[in-house]
Amino acid sequence: MRFLPLTDADRADMLKAIGAASVEDLFCDVPASARQKGPLPLPEGLSEMEVERRLSTMASRNLTPGDVPCFLGAGAYRHHIPAAIDQLLLRGEFLTAYTPYQPEVSQGTLQYLFEFQTQVAMITGMEVANASLYDGATASAEAALMAARVTKRDKILLSGGLHPHYREVTATQARFTHLKVEALAPDPFGIEDLMGRIDAQTACVIVQLPGFFGHLKDYSALAKTCEAQGALLVVAVTEPVALGLIKPPGAMGADIVIGDGASLGVGLNFGGPGLGLMAVREKYVRQMPGRLIGETVDADGKRGWVLTLSTREQHIRREKATSNICTNSGLCALAFSMHMTFLGEAGFTNLAKLNHARAVQLAERLGALKGVKVLAGSFFNEFAVQLPKPATPVVEAMAARRILAGVPVSRFYPSWPELENVMLIAATETVTDEDMDALIEGLQGVLS
Amino acid sequence: MSMNSFTGNRALVIEEPLIFEQGEPQRSGVDLPQAPEIADRLGGLERQGAIGLPGLAEPECVRHYTRLSQKNFGIDTGFYPLGSCTMKHNPRLNEKAARLPGFSGVHPLQPASTVQGALEAISLLGRWLMDLTGMPAIAMSPAAGAHGELCGLMAIRAAHEDRGDARQIVLVPESAHGTNPATATLCGYQVVSIPANEKGRVDLAALKAKLDNKVAALMLTNPNTCGLFESEILEIASAVKAAGAYFYCDGANFNAIVGRVKVADLGIDAMHINLHKTFSTPHGGGGPGAGPVVLSERLKAYAPVPFVRTGENGLELVEHCLGDGEKSFGRMKGFHGQFGVMIRSLAYILSMGGNGLWQASSDAVLNANYLLARLSVELTPSFPDGPCMHEALFDDRFLKDTGVTTLDFAKAMIDEGFHPMTMYFPLVVHGALLMEPTETESKQTLDLYVDTLLSLARKAKAGGAADDFKAAPRMTPRRRLDETRAARSPVLRWKASE
Ligand SMILES: Cc1ncc(COP(=O)(O)O)c(C=O)c1O
């Protein structure tokens, strides 16, 4: 076996040094009734070439965006990732290290995480960011818990424009920690009234920017109402590229910004691993979940970085910790940070503009189709459309034509018949004119 | 001899400023087509003013990250015996497989008919993890070990509530990882601690005394964090069951027993498996991982969504629990779990096969016992009366009166080219040194490690060396860092100087 260096001679020598007759003896504490009897029900190991062949065959059974026009979003966006990023990510010193518990030999990890924290804080317009959570949906649950700790209240208000997975994961977590969740109806027209529902029990309101159905809203007034009521405003961002172009949540008065960073550097990967982002106002940092990197000096007075404020965390505080998170999304944070670094201010802004321009062009062309209505007045790179037919069969029929046309909203809200004809459609910089032509032509066929 | 250079650099170790200290706004490492002029539809929500991000050209970016990487110790660099973390070799085939465009490029919300290969991958890995544990069900979506713990406890709580049983307590041994009690809290439970006995195992009598009809579950790590198999596990399981509670097993240490012990035969109701430990996916400087949870018949119905099943048109994803009598506790993760991590584990299991996995756990245990035997000459093993499993635990008695602490000892190892072991955990012994060699280390590596540690121990014991130890490490990119200062006045981001 190519991963196992011990030879039989080594094994015999080592057993002698141990004073055991066989490896079986080392398992003497295992009750006899629980020992594996007979061979394992798994196939024989394969050579590298054979594994590659087998998995390539499996992968080839998927229709791959990039090979075909793709307009899917709904929380996962296809972007071009510079070639250098993946090659750098594969450097073993990054890939095969763990949590930087030994800062003297982990300055690489610590510095890139410090840079990551800074980038996330900058683009969200917030004061501080942590070193990542699992994904956007779990970050939403963490934000709800954090808001409950900060405000010592127990009501969580969820916008109907928040990603349904964020809503569901937050509701699951709330149920088990005795928080009360009020989830507003899905809001494809962007007309819900949140302010009227904030009261003295409200710990936080969680909204999304751009909204799940595409709307761009200024939450400044909502932030003021929250502040007046003593509640926190949590803003979720599922598409961080938008922050290259739109007013950041921090400038609107958000207390906590959460989101998913997979758009930058990480890629689709069938939806995981993602990259949970969380940025907060500095005054709440001690209630924040997740790891934080801080600046300090070493014994020679040189600047360096360490894990800090660990007294919030499970390995120190155990049952009193702010969260149970340990392993986070370190390498995805590096991918995100690298992509941000490669882009820089000019690249990031231009990327955002390109996305928006693509989406505007698409909205115009779709709006001209008979029976198709674009539901959002303002949007970034994604919007909801109302089709003249149920969206699921339309999407299936388009897939049969090798076009990934959009995401039927009923996939998230199967028990809402009024959403049956609604489809989310996204256009990033990866969409070409030919892709759009194919989409329009395909829809004309399928909808007629 | 002066170690100072004009630049502050030392050959391959090059000082590297933050990106914010070297960029120019007009530079970029990416060239995209210029965005066309359009009438925007931002509804007046356009960003005002610059973000302040630095701009670097591609060669500067590449050099920045290459230099940062050179300040890091990974498994590829050298021996990394971080106990409880299973820092085994990360096969590069895993990386290649996960990057096949048909896996890395697929969108999570494509119609099921277009992702049959992806669903097959999830389903096949799930099948094999069930086969390896003998358990009848699995939840594939948890994102890491701690998230798997949460999944298990949520299923347990849902099962109790389903019967109208509002139990409040979760029992957690003192030796447990911090995530266990933290998870219990996140699931709304109170934690009651169970002491260890003098053999490093759960004190069965103390456990039984605490088991009553208020106890929802026991969370037990097996093999435990002292590196020992809980030899009374069958008695523990039946006592837990008799009290009407569930048995959650923290499977972080599954690497010791893969292919040798069937979890189902131990009476366990739920166990998470850290794919980033046992199944060789990279730790990536802190993540991502994946923590699928195997479940017993009693908990099966409460598993979270989504899951993959076979339907009329091939494999399908069940994303909602809508029907009457559906008991799933709901969703705990966006999309479908850590797919990219699953592919890596699948590549690993395909490579190893049943025999290879069996050999791996055997070698992992052999390597740990070899360390235990050889190091016991100078170090103080905490539980010397029998073999260990995949990791060996020592405490700091051998450093008594030397003025050298576990921390100092670990830092001295760094200068010798080794990553330290896990320090000060588990909490049940004083100044713990927990070493997990894994099966992917050669005898030659272990011998050099042992010889180094023995000589360091002798040096400490000979006396007069405390200052020398306290000054370690000396040859690293940074010497010891001031953690108190970092926490007292936190600087958590770069800021432009005013
Ligand atoms: C014994 C034990 N339990 C739980 C965990 C948590 O796992 P994770 O870091 O994957 O969340 C760890 C590892 O870090 C561990 O060693």
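1. Residues from both chain A and chain B surround the ligand, so the site is shared between chains. The shell holds 15 residues, the closest being Thr327(A), Ser84(B), Ala146(B), Asp250(B) and Lys277(B); a residue is counted as near a molecule if one of its heavy atoms lies within 4 Å of it.

2. On provenance, this is a predicted model, in which local features need pLDDT of at least 70 and side-chain atom pairs count only at pLDDT 80 or more, whereas totals for chains, interfaces and linings use all residues. Residues are numbered from 1 along each chain as its sequence is written, chains are lettered from A and ligands numbered from 1 in the order in which they are written, and side-chain values use heavy atoms, with hydrogens and water left out.

3. An oxygen atom of the ligand lies 2.5 Å from a polar side-chain atom of Ser84(B), and an oxygen atom of the ligand is 2.7 Å from a polar backbone atom of Ala146(B). A side-chain N or O atom of Asp250(B) is 2.5 Å from a nitrogen atom of the ligand. Of the 380 Å² of accessible area that the ligand has on its own, the protein covers 99%, as computed by the Shrake-Rupley method with a 1.4 Å probe.

4. By class, the shell is made up of five nonpolar, seven polar and three charged residues, where Asp, Glu, Lys and Arg count as charged and Gly is among the polar ones. Helix α5 (residues 145-162) of chain B gives the largest share, three residues; helices here are DSSP runs (H or I) of at least four residues, and strands (E) are runs of at least two.

5. In chain B, strands β8 (residues 307-311) and β9 (residues 314-318) pair in the antiparallel sense over five bridges, pairing being assigned if DSSP finds at least two bridges between two strands. The two strands form a hairpin with two residues between them, and Phe307(B) has Val318(B) in β9(B) as its bridge partner.

6. Some backbone geometry deserves a look. The peptide bond between Gly272(A) and Pro273(A) is cis, with omega about 0°, and Pro273(A) lies in the loop between β6 (256-260) and β7 (276-280) of chain A. Phe270(A), found in the loop between β6 and β7 of chain A, has a positive phi of about 55° although it is not a glycine. In chain B, a cis peptide bond with omega near 0° runs from Gly287(B) to Pro288(B), and Pro288(B) is placed in the loop between β6 (270-272) and β7 (293-295).

Technical notes. A polar contact is a pair of N or O atoms within 3.5 Å; within protein, one must be able to donate a hydrogen and the other to accept it, and residues adjacent in sequence count only if both atoms are side-chain atoms.
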